[in-house]
Amino acid sequence: MTVSSDSATPTPVPAPASAPAPRISSLLPPRPSWLSPKVLRTEVLAGLVVALALIPEAISFSIIAGVDPAIGLFASFTMAVTIAVVGGRPAMISAATGAVALVIAPLNREHGFGYLIAAVVLAGVFQIVLGALGVGRLMRFIPRSVTVGFVNSLAILVFMAQVPQLWHVPWPVYPLFAAGLALMVFLPRLTTVIPAPLVSIVALTVITVAAGIAVPTVGDKGALPSSLPVPGLPDVPFTLDTLTTIAPYAFAMALVGLMESLMTAQLVDEITDTRSSKTREAVGQGVANIVTGFFGGMGGCAMIGQTMVNVKVSGARTRLSTFLAGAFLMVLCIAFGPVVSDIPMAALVAVMVMVCFATFDWRSVAPGTLRRMPAGEILVMVITVVCVVATHNLAVGVVVGSVTAMVVFARRVARHADLGSVLDPDGGRIVYTVTGQLFFASANELVDRFDYAGDPDRIVLDLSAAHIWDASSVAVLDTIEQRYAQRGKTLDITGLNAPSAALRSTVGATLTPAG
């Protein structure tokens, strides 16, 4: 039998189609937003404007702390560069601040510069610990009225800090100041390619130098550094006595710095409609202060004024602007020191005054807003502003304002707790109904609203429309029950929801009824 060649040759099986090779670009991480030409230009110019505005302020804060101007400039450099990497709020500016300077100035005056540096490092450690413990989550307990008061008081403080620069100065300062304001008001209507504050600073500097106008300049504030900071250890004895000396100042600095930084981060969140990690920001502030201390800086925290320059005026949104603000600061001081020294203070004062007007929440004081807003909210905002302006300490105002808000809230909620009663037709039982929230401010008033002598032998207290929040309320219920028992009457407490019943069963037996 003959086999055909067709049947002997197997049919070839087509090879499976190979998957296309993935593009290299798909394997790479997404490109950062700041690499976009438009965003990059905004971030670079914003960082430059902030750096120029930081120089006189850092020098001023150095004077407050009683240290050389270079110390404040070094602190602003290391804080900004470090927080740009480890911080939780992009585009927020951290540098040397007046609040921190006020806290550590007495330590420097009484014990010397070495103890100040040691306190800065220890404050950073405290901030890392507090951040890890979740202090950032406490920001949700700060009411809106306190935040508004914080913002308005900060605008007032920044404005007040500019007034001395316009007092007892040569007359050319005033037209230069007015020209700077006019440039920043009208230039954005023509173009926003270059930030108006930067144009104002450059234009006024050129005018004063070219015309030889004698006005106060940045150089009059103090000498600029000529080299980068060098790392080193604090020049103090590493003993328990040193620790006990610096610990109170370090802890106060940590609290003030965290409070201002977290409040500023929350404000930037609202302006940019984005969220940030408050825990990361708290830890980042600690890391930045430790780095700053080892580089011989005076420490710092978030600067709301410069942050508003960066975010609200210049439109920055990324970490690049924060990093460049610190980097430009050192470049300007070291490489362009003579040029920067010639910048007229009038130009920088005009920038900061514009920041004040942009920062202040004008809607909060508008007549229509004041008519609609509850009196308690207005009181909290006013108290916050008054405390900050009187003490020049933002942390004091926030604490006092928050406590006031708690008192106002407690009074308001306490008014909503009500007691009603219905007597059975046969007169053998009376049912009391409690509605509202029971806590220390509302529950204590209930004790005297029962007719212990006149009520029938059986009393029902219906709490189905109420909620028990604290041990004070449990003690009040026990007191009411005891007073009826002393008269041989029976009180049945009904309608407790599960959390209220659990709280009463847990703490009720341990409380002594108030008689």
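Visitor: How do the residues that line the second largest pocket divide into nonpolar, polar and charged?

Guide: This is a predicted model, in which local features need pLDDT of at least 70 and side-chain atom pairs pLDDT 80 or more, while totals for chains, interfaces and linings use all residues. Residues are numbered from 1 along each chain, and side-chain values use heavy atoms, without hydrogens and water. A pocket is an open set of points on a 1 Å grid where a 1.4 Å probe fits, with protein on both sides within 12 Å along at least five of seven lines, and lining residues have an atom within 4 Å of a point. With Ala, Val, Leu, Ile, Met, Phe, Trp, Tyr, Cys and Pro as nonpolar, Asp, Glu, Lys and Arg as charged and the others as polar, the division is twelve nonpolar, five polar and two charged.

Visitor: Which residues that line the second largest pocket are closest to its centre?

Guide: The second largest pocket holds about 350 Å³ of space, a volume being the space filled by probe spheres set on the points. Helix 3, helix 8 (173–190), helix 9 (196–211), helix 12 and helix 15 each give at least two residues to its lining, where a helix is a DSSP run of H or I with at least four residues. Among the 19 residues of this lining, the closest to the centre are P188, A196, P197, V313 and S314.

Visitor: Which residues are closest to the centre of the largest pocket?

Guide: The largest pocket contains about 770 Å³ of space. Helices that each supply at least two residues of its lining include helix 3 (37–65), helix 5 (98–111) and helix 7 (144–162). The lining as a whole comprises 20 nonpolar, nine polar and three charged residues. Of its 32 residues, those closest to the centre are F61, G98, L157, V158 and A161.

Visitor: What is the volume of the largest cavity?

Guide: In a cavity the probe fits but cannot get out, and the structure holds two cavities of 30 Å³ or more. Residues lining the largest cavity include I83, R89, E281 and R319, and helix 4 (69–86) and helix 13 (319–334) each supply at least two lining residues. The lining divides into five nonpolar, three polar and three charged residues. The volume of this cavity is about 50 Å³.

Visitor: Which helix gives the most to the lining of the second largest cavity?

Guide: The second largest cavity, of about 30 Å³, is lined by Q165, L166, V173, P216, M345, A346 and V349. Six of these residues are nonpolar, one is polar and none is charged. With three residues, the most is given by helix 15.

Visitor: At what angle do the axes of helix 10 and helix 18 cross?

Guide: In helix 10, V256, M259, E260 and M263 meet L394, A395, V398 and V399 of helix 18, contact meaning heavy atoms within 4.5 Å. Seven residues of this contact are nonpolar, none is polar and one is charged. The axes, lines fitted to C-alpha atoms, come within 9 Å and cross at roughly 75 degrees. Helix 10 is therefore roughly perpendicular to helix 18, a description given to angles of 65 to 115 degrees, here roughly 75 degrees.

Key
Axes are lines fitted to C-alpha atoms, for helices over the stretch in contact, and angles run from 0 to 180 degrees between N-to-C directions. Angles under 35 degrees count as roughly parallel, over 145 as roughly antiparallel, 65 to 115 as roughly perpendicular and the rest as oblique.
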